[in-house]
Amino acid sequence: MITSVTLLVLSLYALYIGAGWLVKGSTEIALKANISHLVIGLTIVAFGTSAPELVVSINASISGQGDIAIGNVIGSNIFNIAAILGISAAIHPLQAKRQLTKIDIPILILATILLTFFFWNGELGRLEGALFLTGILLYTLFSLYFSRKHEKQIEVQNGELEKQPEPWYKDILYILGGLAVLIFASHLLVTNAISIAKELGVSEAVIGLTLVAAGTSLPELATSIVAALKKSPDIAIGNIVGSNLFNILAITGTTSVIRPIIAKSVNHIDLLVMLGLTLLLLPLAKSGLKISRTEGWILIIIYLGYTAWLLRDLI
């Protein structure tokens, strides 16, 4: 048990490091390509910080651990909105751009409704997965097109690229190195999470919804908190919205196409909590186009209550 916990903690740290390298390399390339900060938050940063969820869910699905594969996605989306967005808003109120409330959040709501509907019977097949993969491809292309058409030329933050731009090959090395670490660490995480679940006598679904979901969301947590401290709400909110979209469309899409997901232990309540928080995101962001500190604390309390309900048999 102690060995499993130690290896799990080390794997979480490795996931954090790997995602950091991936985000660094990807963001530098995006900035050099003159892509706006909001779109970087919605796509490059969001997808990069969701890489742990991707490799963990794929590994879990291949190993026949469907509860961890889908529980990781649902739990991560709940953690991203209730915990990460809540903490970020509690640190500094988050200003939302109109693009988020008019385009990106409604698309996220639609994707969440589809996942809830498709997975209501505890199964997700290849056809639904292919539909989700088509969705993430179209969304990414649209985001890049919208950025080019409507955003003004971005300003380089802190003058970093103006001072000493990193060579392209270094950015690519960061990306490749980050992916390699993520793949290794995700296998370590899934193996030891299953071991801990058996030792504690809890279901793999609960482990996926809590420990694995929160652990793989550490990159989003770090990115959004730093963005909130630096008063960069575009990246803080965009990162969460983009990550949740990526989790549903890319991760469940890829995972179920590789191997249909069967997870009978994931509760309907988990799906409804994810859906409810996603629906709540729109009025929160629309209220003066700002998520206030009070609203942030409400989100945190919701997450603590949900986690306590999941772990009620252990408390």
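E220 is found in helix 10 (residues 218-229); helices are DSSP runs of H or I with at least four residues, numbered from the N terminus. The model is predicted, so local features need pLDDT of at least 70 and side-chain atom pairs count only at pLDDT 80 or more, while totals for chains, interfaces and linings use all residues. Residues are numbered from 1 along each chain as its sequence is written, and side-chain values use heavy atoms, with hydrogens and water left out.

**E220**
- E220 counts as buried because its relative accessibility is 0% (buried means under 20% relative accessible area, with a 1.4 Å probe and protein chains only).
- Not counting residues up to four places away in sequence, E220 touches T49, S50, E53, N80, I84, N239, I240 and S243; contact means heavy atoms within 4.5 Å.
- A19 lies 201 residues from E220 along the chain, and their C-alpha atoms are separated by 9.3 Å.

**N80**
- N80 is found in helix 4 (residues 66-91).
- N80 is buried, at 0% relative accessibility.
- Leaving aside neighbours within four places in sequence, the contacts of N80 are L85, S217, E220, I240, S243, N244 and N247.

**Helix 9 and helix 10**
- Helix 9 (residues 204-216) packs with helix 10 at an angle of about 50 degrees, and their axes are 4 Å apart.
- Axes are lines fitted to C-alpha atoms over the stretch in contact, with angles running from 0 to 180 degrees between N-to-C directions.
- The two helices are therefore oblique to each other, a class left after roughly parallel (under 35 degrees), roughly antiparallel (over 145) and roughly perpendicular (65 to 115).
- A214, G215 and T216 in helix 9 meet L218, P219 and E220 in helix 10.

Definitions and conventions
Buried < 20%, exposed > 50% of the residue type's maximum accessible area, 1.4 Å probe, protein only.
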